[in-house]
Structures are given as C-alpha cells and as structure tokens.
Amino acid sequence: MSAVFKSIAPRPAPVRTEGFVPWVRANLFGDWKSIATTLIILGLAFAYVPGIVSWGAVNAVFKPDADVCQAARGTGACWGVVTEKYRLIIFGRYPYEAQWRPEVATILLLALLIASCIRAFWRPSLVLLWALVIPAFFVLMGGGMLGLEAVSTDQWGGLPLTIMLATFGIVLAFPLSVVVALGRRSELPAIRSLCVVYVELIRGVPLISVLFMASFMFPLFMPVGKSPDVLIRVLVGITLFAAAYLAETVRGGLQAIPKGQIEAAQSLGLSYWQTQRKIVLPQALAMVVPGIMNNFIAIFKDTSLVTIVSLYELTGALSLALNSDADWRPFKIEGYLFITLIYFTFCFSMSRYSLWIEKRVSVSKTR
Amino acid sequence: MSDRRPPKRRDWSWRSAAFRGLVYQIVAVALIGFGIWYLAHNTLANMAARGIQSGFGFLFQPAGFDIGESVFPYDALDPYWNAFLVGIANTLRVAIVGVVLATLLGTVIGIGRFSHNAIVRGLCYGYVELFRNIPVLLQLLMWYLLATDWLPPIFDAISVGGLFFLSKSGFSFPVPVWGLGQGLAAIGAVAGIVLAVIYKRWAVRQFELTGQVRRTFPVQLLLVIGLAFVGWLVGGAPNTWSVPTRGGFAMEGGGAASPEFISVLLGLVFYTSAFIAEVVRAGIASVSQGQVEAASSLGLARSQSMRLVVLPQALRVIIPPLTSQYLNLTKNSSLAVAIGYPDVVSIANTSLNQTGRAVECIAIIMAVYLTTSLSTSAFMNWYNTRAAIKER
C-alpha cells in the first residue's frame with residue numbers, strides 16, 4: 001500500500017484586486033447600472049467636449065483685435081478681450097502710468113500672506129514683517145509721500161482692492177470674533193445678551209444691507225460735516241459682518257472644550273484671561289480651523305459685493321472695463337470667465353490649504 | 001456633623017468677582033448706550049442740517065415707478081407700501097423655489113459622492129468645488145449675461161413641442177386655466193395628504209401591535225393622486241390650458257418666468273446646492289459603517305438600509321447646517337438687485353434714491369430679512385427637535 005505521490009493541479013492565481021485594470025473593472029464597470037452610467041457619460045463627453053474645446057481653444061482668438069473676434073463670434077471664444085483689457089480689469093481705475101505701484105503692493109501683500117501660511121515662518125519676526133508690509137502697502141497704493149503721486153481711494157480698484165478688503169476684513173474680524181465668542185459664553189448676563197443680539201442681528205440680514213448701511217447711513221452717523229472715506233466705511237461693514245459669522249464658528253470650538261480643563265486651570269490659580277489665553281483658546285481654535293478657513297473663503301468671495309455700492313474691485317472693474325466700450329462689450333462672457341478663474345484659484349487654494357492644516361492639527365491627536 | 005457648610009460671606013469686598021462683574025457690565029452697557037445715543041444724535045443733527053425728512057409717512061405716497069414683474073396687480077400710482085409688498089413677494093418666490101430646487105440637486109450630488117462609479121464620483125466632486133469657489137454674485141451676473149445675450153430673440157425662440165419657449169425675454173410654459181375643476185383638485189390633493197398622514201400613523205401603530213408590515217408609500221401616493229383626480233372629475237374634468245404663443249414683441253398667454261428671475265434662480269440654486277451637497281455628504285459619512293453592516297446582516301436591501309437606517313441618523317447631522325444654507329440662500333437672493341430682479345432690496349434701493357430716506361428703507365430691508373431668518377430657524381429648530389435622538 002504505498003502511496004503514490006500525485007501532484008494536485010495548480011490552483012489559479014487569486015484575482016488581482018489592485019492595479020489599473022481591476023480598479024477600472026470595479027469603479028467603472030461594477031454592475032450593469034455602473035456600466036450604463038459610464039457609457040452614457042462617455043457618450044455625452046464625446047458629443048460635447050470637442051465643441052467646448054474648439055470654442056475655447058481651437059477656434060479661439062487670442063489677438064486683441066475686435067474685428068477678428070467679431071468674425072469668430074459663435075464659433076470661437078475671444079480671449080483677445082483679456083489681452084486687450086487685462087490692465088483695466090486687474091487694476092481698475094488706478095492711473096495707468098502708476099500701475100506698477102498696486103502691482104508691487106499686491107505682490108508684497110500676497111507674499112506676506114503666503115509666508116504667514118508656511119510653518120517655517122511661524123516665529124516672532126513674522127509680526128515684524130506684517131508691521132513693515134502693511135504700511136508699505138498703503139504708502140504704495142495711496143502715495144502722497146516719498147515722491148509718489150497721491151492716488152485717492154476712489155481710484156483704487158481691481159484685484160488689489162479685492163485682496164486688500166479680504167485681508168483686512170479677516171485680520172480685523174478675527175480678534176473681534178474671539179472677543180464676541182467669549183462674551184457670548186460669559187457668565188455676566190448683560191455682556192452675554194449684548195453679544196447674542198449683535199451676532200443674531202448681523203447673521204439675520206444679508207451683507208448687502210450692511211453695505212448699504214455703510215454707504216448711505218455711516219455718513220449720517222458721523223458728526224456733521226465729517227464723513228470717513230468710503231473704503232473705510234465698507235471695510236468696517238465687512239469686518240462687522242464677518243466677525244459675527246466667525247464668532248459662531250469660534251463659539252463652536254469653545255463649547256467643545258471639556259469643563260474639566262477650565263476647572264483645572266482655575267484650581268491652578270489662573271485668572272479668567274490667563275485661562276482663556278493659555279488653556280481654552282489654543283485648544284478651541286485648533287479644533288475649528290476648517291470652519292475658520294471656510295469663513296475666510298466666504299469673506300474673500302463676499303468682497304465681490306462691494307461693486308453694488310460702487311467700489312470697483314475685480315467684478316466691478318470688469319464691468320467698468322467693458323460696459324463703456326462698444327467694441328469689446330459683446331465679449332463680456334470671456335471677461336467673466338477670466339475673473340472667475342482668478343476667484344477660483346484663490347478660493348480653491350485656500351480650501352486646499354485648509355485641508356492640509358486640518359491634517360497637521362489632527363496629527364497631535366492621533367497617536 | 002450634619003450641617004457644616006462654610007459660613008456664608010456677608011461682607012463683599014471691592015475685589016470680589018461679583019462686584020467686578022457688575023462693574024464690567026455697567027461699563028459695557030453704558031458704553032453701548034452712549035454709542036447708540038451718539039450715533040442717533042449725529043444722525044438727527046445731520047438730517048436737520050441736510051433737510052432730510054424722516055418717518056415712515058412716505059409709505060403712503062404714490063411710488064411712481066413701475067415694477068417689471070409682480071405676483072399680484074401693481075400700478076405705478078400705488079403707494080410705496082404696496083411696492084414693498086411686491087418686492088417681498090418676489091423675494092419669497094425666488095427663495096422658496098430656490099430652496100426646493102437646491103435641496104433636490106444638492107441631495108443628488110451629495111449622494112453621488114458615494115457612487116460605485118468613479119466618473120460619477122469625480123463629476124460630483126468637480127461640481128461642488130467649481131460652484132462653491134466662485135462668488136455667487138459673479139454666477140448671477142454670468143447667468144444673466146447668458147440669458148440676455150446668448151439666448152435667441154423672441155421671434156427665434158427655442159421651442160419644445162410648441163409648448164415651452166425659451167428666449168431673451170424669458171421662459172414661457174403652458175398653465176391650466178384656473179377654474180372650478182382645478183380648485184376641487186387642489187382641495188382633493190390636500191385632503192389626500194391629510195388622509196395619507198393618518199394612514200401612515202395607523203400603519204405604524206398596526207406594525208407596532210402586530211408586526212405586520214404594510215406598504216405605505218404606494219397607498220399614500222394613490223390617496224393623494226386619486227382624491228385630486230376625483231376632485232377634478234367632480235369639477236367637470238376641465239382641460240383647457242393656456243398655451244403660450246409667439247406674439248409680435250412678447251409671448252402671449254401661458255405662464256412666464258422673466259430672464260431676471262431665471263438668472264437669480266439658477267445662480268442661487270447652483271451655488272447653494274454645492275454647499276448642500278457637502279452637508280449631505282458629511283451627514284451620510286457621519287453614520288458609522290457598522291450601522292450599514294448591521295442592517296445588511298439583518299437582511300435589509302441596500303435601498304432599505306439607506307431609507308430606514310442611514311438617512312434617519314444622517315438627518316440629525318444634516319438638518320442644522322441645512323437650515324443655515326436655506327437662510328444663506330434667502331439672504332443671497334438680495335443680490336438680485338445687481339441684475340434688476342425686483343426683490344425687496346431693489347425696491348428699497350429705488351425708494352431710497354427717490355425719497356432719500358436711507359434709515360427707513362434700510363430698516364425695512366433688515367426687518368424683512370430678520371423676520372424671514374428668525375421664523376425659518378424657529379421652524380427648523382422645531383423640526384430638528386422632532387428628528388433628534390429620543391433618549392430615555
């Protein structure tokens with residue numbers, strides 16, 4: 001009874017679950033519904049994408065020539081409108097020969113903002129940098145000293161104005177919002193109700209009504225004969241509006257701090273402000289970073305509304321550039337697409353940055 | 001040994017927390033009070049200096065301007081308060097239609113983020129990132145430009161089956177001629193909804209008592225449609241429709257949506273639905289995977305586990321941020337002023353320019369939006385408490 005060795009037949013290799021082909025099989029052709037969807041979408045893409053590409057790129061006119069653009073109307077986009085008008089769109093009514101000043105000022109401000117976002121720069125000297133760049137920005141924009149010709153604020157416009165309103169709106173609103181959020185959780189009833197009324201009142205009305213107030217009612221609020229610059233009035237309006245929304249986000253973080261933290265701080269003998277500054281706020285703010293970034297993005301987008309009260313930031317500058325020019329007015333949609341790209345670039349990079357910082361913050365929590 | 005509390009402090013000191021709290025509050029209230037008094041004083045002085053009249057008396061004077069579209073009859077000779085009512089109605093119209101459409105679109109896109117199909121997932125992601133990163137004002141302006149510039153003129157309107165027309169002057173569609181039959185059908189539908197709710201309650205109670213599962217949705221649908229149909233039959237089964245026809249300068253007959261209305265609606269719906277999609281996605285993602293696995297191990301089908309297990313739990317996470325999106329949409333409808341849709345802000349803006357009463361007109365805008373916001377959030381809070389976890 002000797003057992004004869006008999007080799008068993010080789011089993012087939014296991015089905016591959018990684019790599020390109022299995023991924024396509026699982027994600028594009030999983031079941032009949034998925035197959036149908038994929039085929040329909042691919043069909044639509046084949047039907048429409050070539051048309052869009054030929055309109056936007058193949059048949060498009062890039063030369064700043066209105067006649068050629070007019071001839072290509074309907075079959076190709078006229079990006080020539082951007083080549084022709086980009087300085088008016090980007091800088092608004094700022095005097096043409098002095099446009100290097102907003103350019104330098106905006107690049108400085110953007111560099112400062114980007115540096116503030118990078119971890120390697122998070123050190124005390126950054127504050128010094130802010131203290132240098134902000135005055136430099138206003139000197140360059142406003143002029144009137146160092147041999148620069150004075151340019152009044154109603155001539156400021158375009159992208160520099162958008163970035164300025166957003167930056168200062170954020171920088172001013174944030175501290176205010178922290179104070180209001182703390183006030184809303186205060187144990188002193190009068191302070192708490194003042195903060196509640198402020199936040200709910202502002203959050204209940206649209207930004208446009210706050211801007212109307214800034215442009216029509218602020219002049220009435222000031223002593224007779226004095227009225228602050230329209231830019232300052234609008235900036236105050238944006239700040240007050242943004243602070244109410246930010247305060248709600250910050251309050252969310254404050255509420256998430258366990259009571260034990262505060263009690264522990266008190267039993268160590270820390271005062272109210274010491275407790276908030278050293279124990280509560282660092283934890284609470286870290287927790288709501290994504291929400292705060294969303295608010296910042298919202299402020300950036302909301303600056304487009306100041307065009308309704310006649311400040312020519314990016315959106316307003318485009319209308320300014322094209323509405324008065326009969327040759328180029330028909331190509332406004334291309335102009336809109338151009339500034340859409342600018343807005344999208346800023347907002348999208350802010351939201352990417354928010355994701356990155358969210359990951360960084362959560363590193364300390366996952367062990 | 002029983003009652004040895006620390007002795008109550010009768011003497012308070014200048015340095016006690018309570019005293020300091022009182023001082024802070026008095027100082028804060030006094031500062032705010034002084035600020036308000038100062039602003040009011042300046043305002044009155046400025047008004048006197050510039051000869052601006054104040055008060056709401058102007059509301060009863062004739063407005064003297066025409067309004068492009070109105071849900072009820074309005075004439076340029078009507079008083080200002082009537083013009084404001086038209087504006088409020090227009091705001092509510094675009095906000096309500098917008099909320100419904102944005103919810104539907106946002107839910108579809110949000111659920112699409114969980115699709116098994118990679119292209120669908122990618123498209124939904126692209127949609128969200130694209131539309132929420134472009135300012136809503138810019139979107140409104142672009143839609144308006146497309147509607148007034150790129151659509152064909154009226155004699156060349158895009159037509160679907162001779163019933164729907166799309167042109168520079170808006171979208172026209174057939175509407176039933178309102179009569180007895182339609183009225184009875186509406187009453188029937190309302191009665192059907194009431195009966196459907198009662199039936200649902202009864203079915204749930206039967207299920208709890210006997211464990212017998214009854215089909216609810218088809219019966220409910222049948223109740224509503226059936227009763228509406230009966231009402232329509234009783235009213236004599238009217239079937240006259242007012243179909244739009246091409247006139248010389250405008251579409252005649254039928255219902256119509258102006259290009260301004262369409263642009264505001266499209267802009268608000270696309271912008272808000274991107275945010276709603278994110279809210280829905282976060283809500284569904286918040287339901288733990290174990291819940292879905294437990295449901296499928298109980299033998300529930302995928303659609304059942306979505307409807308009975310995932311959605312009810314996700315709703316609790318979804319409702320509060322959804323409410324604030326609804327409020328945002330309503331507030332963003334104020335941007336209609338930029339493209340000339342006669343909402344309450346644009347009426348107030350015109351009145352402000354005509355009468356110079358800035359304080360009153362801005363107060364009216366704020367009052368309208370505050371009322372809308374506060375009542376919406378009250379309603380949603382009520383709904384939220386119903387959907388919240390019932391803990392024992």
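Chain B holds an open sheet of four strands in the order 1-2-3-8, with antiparallel pairing. Strands here are DSSP runs of E with at least two residues, helices are runs of H or I with at least four, and both are numbered from the N terminus. Two strands count as paired if DSSP finds at least two bridges between them. The edges of the sheet are strand 1 (158-160) and strand 8 (255-257) of chain B; each has a single partner strand, so one side of each is left without a neighbour in the sheet. On average, neighbouring strands of this sheet are turned by 15° against each other, direction ignored. The axes behind that angle are lines fitted to C-alpha atoms, for helices over the stretch in contact, and angles run from 0 to 180 degrees between N-to-C directions.

This is a predicted model: local features need pLDDT of at least 70, side-chain atom pairs count only at pLDDT 80 or more, and totals for chains, interfaces and linings use all residues. Residues are numbered from 1 along each chain as its sequence is written, and chains are lettered from A and ligands numbered from 1 in the order in which they are written.

Now walk across the sheet. Strand 1 of chain B pairs with strand 2 (residues 164-167) of chain B in the antiparallel sense, over three bridges. Here B:Ile158 has B:Leu166 of strand 2 as its bridge partner. Strand 2 of chain B also pairs with strand 3 (residues 170-173) of chain B, again antiparallel and over three bridges. A hairpin of two residues links strand 2 of chain B to strand 3 of chain B. Across this pair, B:Phe165 stands opposite B:Ser172. Strand 3 of chain B then runs antiparallel to strand 8 of chain B, joined by three bridges. B:Phe173 finds its bridge partner in B:Gly255 of strand 8.

Step back to the whole chain. Chain B has eleven helices and eight strands. Its C-alpha atoms fill a box of roughly 85 × 70 × 50 Å along the principal axes. The radius of gyration of chain B is 28 Å, while a compact globule of 392 residues would have one near 21 Å. This radius is taken over C-alpha atoms, and the globule rule is 2.2 Å times the number of residues to the power 0.38.

What is the secondary structure of chain A? Chain A has 15 helices and zero strands. Its C-alpha atoms fill a box of roughly 115 × 80 × 40 Å, taken along the principal axes. Chain A is divided into domain 1 (21-58), domain 2 (102-150) and domain 3 (155-363), with bounds from an automatic or database domain assignment. The centres of domain 1 and domain 3 of chain A, taken over C-alpha atoms, are separated by 40 Å.

Confidence comes next. The mean pLDDT (the predictor's confidence in each residue, from 0 to 100) of chain A is 85, and 99% of the residues score at least 70.

Finally, the contact between the chains. It takes 40 residues from chain A and 44 residues from chain B, with residues in contact if their C-beta atoms, placed from the backbone, lie within 7 Å. On the side of chain A that touches chain B, helix 15 of chain A gives the largest share, ten residues.

Methods: Two residues are in contact if their C-beta atoms, placed from the backbone, lie within 7 Å.
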